[in-house]
Amino acid sequence: MKSLLLGGLFLVATTVVAATDPQITGIAKNAQFKACLSTVSALEKFFGEGNNYGSWASWATSQPDKQPFNVSMEITFSDGDQLVDFTVTPTPDGECSYVYTRTWFSPKSCIATSKEGFLNDAKYKTDLNKNIAAFEDGGTRVLLMPAGSGCVVQKKEVGFRHKKQGT
């Protein structure tokens, strides 16, 4: 596995939040990531509302309002956990873009998982190489990767120029 470290970019991670804010929105506020706070809040609500979750965030300490803000969330359900990773980035023209990946394990095979309700409207697109099947449903992509007798599911979406900053 390769990793890239960009020189001069310092990242900070914390779980300190304001008592009146939702967990991730509070972290973003404390980090001075204000430009796309409404997009962070919308994503936190989309994934976290009504669910038991914890998070870990990373952001630039230099000009955080002009840099990506990244969050990893563990959402705990009675039948298993999900890992959500999302990044919100201000764009030069004053919009906010985001990308998320939601990952979970299905004890069913990938063939059986491909017939689950969350993939009803998805169309098979391709195999990435040999073992990972790719499906698409509008702007959402779903990848199915065999894992023993089960299947790792990744659901991905990109929101380009999603919302005007500060709204």
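Predicted model: local features only at pLDDT ≥ 70, side-chain atom pairs only at ≥ 80, totals over all residues.
I started with Cys151, and it is buried, with a relative accessible area of 0%.

Residues are numbered from 1 along each chain as its sequence is written, and side-chain values use heavy atoms, with hydrogens and water left out.

**Disulfides**

Which cysteine is joined to Cys151 by a disulfide? I found Cys110, with 2.2 Å from S to S. The cut-off for a disulfide is a pair of cysteine sulfur atoms within 2.5 Å. Cys110 sits in helix α3 (residues 110-113) and Cys151 in strand β9 (residues 150-164), so this pair links distant parts of the chain, 41 residues apart. For the element names, helices (H or I, at least four residues) and strands (E, at least two) are DSSP runs, numbered from the N terminus. Cys110 has 15% relative accessibility, so I put it down as buried.

How many disulfides does the structure hold? I got two. The other one I looked up joins Cys36 to Cys96, at 2.1 Å from S to S. Cys36 lies in the loop between α1 (23-30) and α2 (37-48), while Cys96 is in strand β5 (residues 95-106), so the pair ties together parts that are 60 residues apart in sequence. With -95° about the S-S bond, the link of Cys36 and Cys96 is left-handed. Both Cys36 and Cys96 are buried. I then numbered the bonded cysteines of the chain in sequence order and got the pairing 1-2, 3-4.

Next I went to Ser55, which is found in strand β2 (residues 52-60). Buried or exposed, I wondered about Ser55? At 14% relative accessibility, Ser55 counts as buried. Its side chain and that of Gln23 are joined by a polar contact of 2.6 Å. That term stands for a pair of N or O atoms within 3.5 Å; within protein, one must be able to donate a hydrogen and the other to accept it, and residues adjacent in sequence count only if both atoms are side-chain atoms.

**Salt bridges**

I looked for salt bridges last (a side-chain nitrogen of Lys or Arg within 4 Å of a carboxyl oxygen of Asp or Glu). The count comes to three.

Glu116 forms one with Lys108, and the closest N and O atoms are 2.4 Å apart. Glu116 is partly exposed at 25% relative accessibility, and Lys108 is partly exposed too, at 40%.

Lys125 forms a salt bridge with Glu136, where the closest N and O atoms are 3.8 Å apart. Lys125 lies in strand β6 (residues 123-127) and Glu136 in strand β7 (residues 133-137), so the pair ties together parts that are 11 residues apart in sequence. Lys125 is exposed, with a relative accessible area of 52%, whereas Glu136 is partly exposed at 24%.

Glu136 turned up again: its side chain meets that of Arg141 in a salt bridge (3.2 Å, N to O). I noted that Lys125, Glu136 and Arg141 are linked in a network of salt bridges.

Terms used: Buried < 20%, exposed > 50% of the residue type's maximum accessible area, 1.4 Å probe, protein only.
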